[in-house]
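Keep the 3D view open as you read.

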Amino acid sequence: MKKFIPLLLAVFAFAACEKDPDMDKLDNNYLVYTNYDKKADFKAFETYYLPDSILVIGDKKDAEYWKDESAQEILSAYVTNMNSRGYIRVDDREEADLGLQVSYVKSTFYFTDYGRPEWWWNYPGYWDAPYWGNWGGWYYPYAVNYSYSTGSFITELLNLDAPQGQNQNLPVLWTSYMSGLLSGSTSVNTKLAVQGVNQAFTQSAYLKK
C-alpha cells in the first residue's frame, strides 16, 4: 500500500472523524512516502550493504557525497532499523543480498514516473547501477508520481541477488521519500531526518526478515 504520512500526525491525517491537523505543526516534521514491489519476498534476504556516505543531488557536474557526523547519524538510523528487522550488514557489497542507497536532494527536481528516460537520465553523479554489479540500468516494478524538493531524502533498497548482465536491470524493491521544511539548525534538521527514517520503516511493516 502506498503511504504518505506526516510524522507523528498519521492518525489525524487519515481519521475523518478527527478535526484537521494544525498545519503549523505539520511543517515541523518530514512527510514520509514509501512504496515497494508487491511481489518481493523480503524474508528471502539475509544481508545488506550500505555505503558510508549519502549522495548529494545538486547542480554540480561531479558527484558529491555527504560524509560528516550528521550524515553518519542519519545512516546509523538506517542500520538500526535494518538490523532490528533481522538483516545483517556486511562490509563487502559483493557478498550482500540487498543494497541500500540514500540520496539527499540539494536542488529541486520534478518528474512523473520511473519510465524512460528517468529523471536522472545522464544526470552527473547519480547512483549508477554498475556501481552495484553488472547491471545495465534500473528496474522499478511500480510507478511513482511526485516531486523531489530541496532538502528531501530518497532511499532505495536494491535486490542484489537479481540476475546480472548488461541486458538486465537492477530491481528496486522499496523506496522511501522524505520531505520537509529545513530549519536554520543542522542538529534539528538531522533529528528530523532520523525521525523520518524511523517513520519510513514504521510504515513498512512488510520489510523484515
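Start with N159, which sits in strand 11. Bear in mind as you look around that this is a predicted model. Is N159 buried or exposed? Its relative accessibility is 14%, so N159 counts as buried, the cut-off being under 20%. Leaving out residues up to four places away in sequence, N159 touches F45, D97, L98, W135, L170, P171 and L173.

From here, move to the nonpolar interior. As a general matter, nonpolar side chains in soluble globular proteins tend to be buried together. In this model the largest nonpolar core has 32 residues, and Y78 and F153 are the ones with the most contacts inside it. Which elements give two or more residues to this core? They are strand 2 (31-36), helix 3 (69-84), strand 7 (98-105), strand 11 (152-159), strand 12 (165-179) and helix 4 (186-202). Helix 3 provides the largest share, with 7 residues.

Setting aside neighbours within four places in sequence, Y78 is in contact with L50, L100, V102, T155, M178, V197 and F201. Apart from this core there is another one, made of 21 residues, including Y33, I57, V105 and A162.

Now follow helix 4. It has 17 residues and spans 24 Å from its first C-alpha to its last, close to the 24 Å expected at 1.5 Å a residue. Its buried residues are N189, T190, L192, A193, V194, G196, V197, Q199, A200 and F201. Q195, also in helix 4, is partly exposed, with a relative accessibility of 27%. Check where Q195 sits relative to I74: the two are 121 residues apart in sequence, yet their C-alpha atoms are 9.2 Å apart in space.

K209 pairs with E46, and their closest N and O atoms are 3.5 Å apart.

Finally, have a look at the rings. There are 11 aromatic pairs in total. One of them joins Y49 and W132 edge-to-face, with 6.0 Å between the centres and 80 degrees between the planes. This pair links distant parts of the chain, since Y49 belongs to strand 3 and W132 to the loop between strand 8 (109-111) and strand 9 (135-139), 83 residues apart. Y49 and W132 are both buried. Elsewhere, ring pairs connect Y30, W66, Y104 and F153 into a cluster; F153 is also one of the residues with the most contacts in the largest core.

Charged side chains meet rings here too. K38 lies over the face of Y36, 4.7 Å from the ring centre. R93 does likewise with Y131, lying over its face at 4.0 Å from the ring centre.

Methods: Residues numbered from 1 in each chain as written. Predicted model: local features only at pLDDT ≥ 70, side-chain atom pairs only at ≥ 80, totals over all residues. Heavy atoms only, no water. Core = buried A, V, L, I, M, F, W, Y, C linked by side-chain atoms within 4.5 Å. Buried < 20%, exposed > 50% of the residue type's maximum accessible area, 1.4 Å probe, protein only. Helix = DSSP H or I, 4+ residues; strand = E, 2+ residues; numbered from the N terminus. Contact = heavy atoms within 4.5 Å. Salt bridge = Lys/Arg side-chain N within 4 Å of Asp/Glu carboxyl O. Phe/Tyr/Trp six-rings, centres within 6.5 Å; stacked < 30°, edge-to-face > 60°. Lys NZ or Arg CZ within 6 Å of the ring centre and 35° of its normal. Expected span 1.5 Å × (residues − 1).
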